Amino acid sequence: MTTVDLQYSDAEQSLAGALDDLLASRAGAGALIARTEQPETADLALWKSVATGIGVAGLLVPEELGGAGASYRELAAAAERLGAHLAPVPYLGSAGVATAVALAAARSAAAEDAAAPPGGSAAARMLAAKMRALSGDNAPARAGSQSARPAATAGAAASLLRQLAAGSATAALALPASAGPGAIAPGALSSDAVASRAAFPAGARLGAPQPGDSAGGTFRLRGTIASVADALAADVLLVPAEGVPNALYLVDAAAPGVHRAPVTSLDMTRQLCDLSFDGAPARPLVTGAAAFAAVEAGLVAGAVIIAAEQLGVAQRALDMTVAYVKERRQFARPVGSFQALKHRLADLWATIAQARAAARYAAACLAAGDPDTAVAVALAKSACCDAAVAAAQECVQLHGGIGFTWEHPAHLYLKRAKAASVAFGTPGAHRAALAGLVSLPAPR
C-alpha cells in the first residue's frame, strides 16, 4: 500500500473554487428542477463553460495534445464540486470515461507501433514517437512484419483527444451505465491476460460492408445498447463491437444509421439514452486485447470519478441538513439541538469522512498507476455510494414535510445518489470484488 497525501493541493482547491463560483450562479436548485422537466436535460451552454472556460474537458489530456496534463486527483476534485451542485453536464462520460479510453487506446497503439518497421508518413512516425513518450515507452522501433497501421490508429486517438481537450467535441463510451470494471489494476497484467479475464463487453457487432467501405477503411455496426450515460450530448461515440477480432470503434453520433432515444431516467440531471446502430459507419480505434484494455481503463476511471462525485453529493446533503436543523424550531428550540438528531448527523459525518479518505486514495492510486488501484477503486466506489445514499435519505427525512416536496432539491440529491450507486458497478459488486482481491473467504 502506497502512502499518499490525501489533502487537497492548492491547484485542486483553486479548481474546486472556480467550479463552485460558476455552478452557484448557473445551476441553482430552481434551474435544475426546471431542466429535469425537459425532454433532454443536459445543459450544453453550462458544459461549454465548464469544459473550456475552466478547462475540465482537458484535465486528463497531456499538454502535448492541448490538454492540462493534470491527473485523476484534479479530475476527482472537480467531480466532487460537480456532484455537490448536481451539474447537468456530460463531464463524466466525456472528460472522464471517454478520455481515459482514448488515452489507453493511443498508448496501446503507440506501443504496438514501436515494433513496426520504419514506414508511413513522417507525421505518423512523429505522432507514434510522441505517444510512446507520453506513455513512458521510449524504446526505439524494432524491425518486424507489422504494418504502419498502429501509427494511424494512434493518430485517430490523438486527434480525438485534441478535440476533447479543446471542447470542440464531446464523447461517450457506448456501454450501459451499470457496466463496471473487472477486478484488475491498470497495468498490473499483460494485455493478453486482461483479455482473458472476462468477455468483451460489446453491445454492437460488425455488419455487412457497403460499396466503397474497404477503400476508405470504414466498417458498419449493427445492434442496440440500452441506458448509456451522457450519449445524448455526445458528438462521438466509442463503441465496443464484436467481430474478428473484437474492436473499439469511433462513430460519429450524427452519422446515418445512428439512433438515440432519450430515456426517462431516475436521475434526470444525468439522463440516459438507448443507442441503436443500423449499418452505422465506424472507424477502428484499437482491436483485440488492446480494445479490452482501453474499455477497462474507461470503466475503472468512471468508478473512481463517480466515487468522488458521490462524495460531493454526500457532503452537500449533509451541509443542507445541518443548516436546516439549525433554523427549524420546535418547542421553542432548534430541532438540531435534540440529542437524537445530533447523533444521527454525527454518525453521518463520520461515514462521509471515511468515504472521503477512500475516494482521495483511489484517485491518487489511479493517477500514479499504483498496484493497489483495484483494491482502492472497489473500496471507494462502495463506501462513497453508501455514504451518498445515507446522506441523501437523511436530508429528505430531516427536512420534514418540505423535504418531500418537488420544489425542494432534496429529492434530486437522493435520485442522483441512488442512480450513481448503480453506475459502474453496484456497491455490492465492488465489495464482492474487494473480497477476492484481498483473499477474504466466502461466507459459509
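**Entry 1. Overall picture**

I began with the contacts of the protein: among those with a separation of 6 or more, 77% are between residues 24 or more positions apart. I note that the model is a predicted one. I then looked up the secondary structure and found 14 helices and nine strands. Of the 444 residues in the protein, 50% are buried.

Thr3 belongs to the segment before helix H1, which spans residues 10–26. Is Thr3 buried or exposed? I recorded Thr3 as exposed, because its relative accessibility is 79% and the cut-off for exposed is over 50%.

**Entry 2. The strands**

I started with strand E3, residues 219–229, and followed its partners. Strand E2, residues 204–206, runs antiparallel to E3, and three bridges join the two. In this pairing Leu206 is opposite Leu221 of E3. E3 is also joined to strand E7, residues 272–287, by nine bridges, again in the antiparallel sense. Here I found Ile225 opposite Leu275 of E7.

I next turned to strand E5, residues 247–252. How many of its six residues are buried? I noted five, so that E5 is mostly covered. Strand E4, residues 236–242, pairs with E5 through six bridges, and the two run antiparallel. The pair forms a hairpin, with four residues between the strands. Within it, Leu238 has Leu250 of E5 as its bridge partner. E5 is joined to E7 as well, by four antiparallel bridges. In that pairing Ala247 stands opposite Thr287 of E7.

**Entry 3. The nonpolar cores**

As background, I recall that nonpolar side chains tend to be buried together in soluble globular proteins. Which residues have the most contacts inside the largest nonpolar core? They are Val50, Leu173, Leu238 and Leu248, in a core of 109 residues. Helix H10, residues 288–327, contributes the most to this core, namely 21 residues.

I then examined Leu173 by itself. Apart from neighbours within four places in sequence, Leu173 is in contact with Val97, Val101, Val228, Leu238, Pro240, Leu248, Val295 and Leu299. I also found a second, separate core of 23 residues, and Leu221, Val228, Leu232 and Ala247 are included in it. Ala247 is the residue that I had already listed opposite Thr287 of E7.

**Entry 4. Ser94 in helix H5**

I looked up Ser94, which lies in helix H5. Ser94 counts as buried because its relative accessibility is 3%, where the cut-off is under 20%. With neighbours within four places in sequence left aside, the contacts of Ser94 are Trp47, Thr99, Leu164, Ala169, Thr170 and Ala171.

**Entry 5. The second largest pocket**

I recorded a volume of about 330 Å³ for the second largest pocket. Its lining comprises 25 residues, and those closest to its centre are Ala177, Ser178, Ala229, Leu272 and Ala423. Which elements each supply at least two residues of this lining? I listed helix H5 (91–113), E3, H10 and helix H13 (410–422). H13 gives the most, with four residues. By class, I noted 17 nonpolar, four polar and four charged residues in the lining.

**Entry 6. Ser382 and Ala429**

Ser382 is in helix H12, residues 373–398, and Ala429 is in helix H14, residues 427–437. They are 47 residues apart in sequence, and the distance from C-alpha to C-alpha is 8.4 Å.

I compared how covered they are. Ser382 is buried because its relative accessible area is 5%, whereas Ala429 counts as partly exposed at 41% relative accessibility. With residues up to four places away in sequence not counted, Ser382 touches Pro427, His430 and Arg431.

Methods
Residues numbered from 1 in each chain as written. Predicted model: local features only at pLDDT ≥ 70, side-chain atom pairs only at ≥ 80, totals over all residues. Heavy atoms only, no water. Pairing = 2+ DSSP bridges. Core = buried A, V, L, I, M, F, W, Y, C linked by side-chain atoms within 4.5 Å. Buried < 20%, exposed > 50% of the residue type's maximum accessible area, 1.4 Å probe, protein only. Contact = heavy atoms within 4.5 Å. 1 Å grid on protein atoms, 1.4 Å probe; cavity = no way out; pocket = protein on both sides within 12 Å on 5 of 7 lines; lining within 4 Å. Points joined across faces, edges and corners; volume = space filled by probe spheres on them. Nonpolar A, V, L, I, M, F, W, Y, C, P; charged D, E, K, R; others polar.
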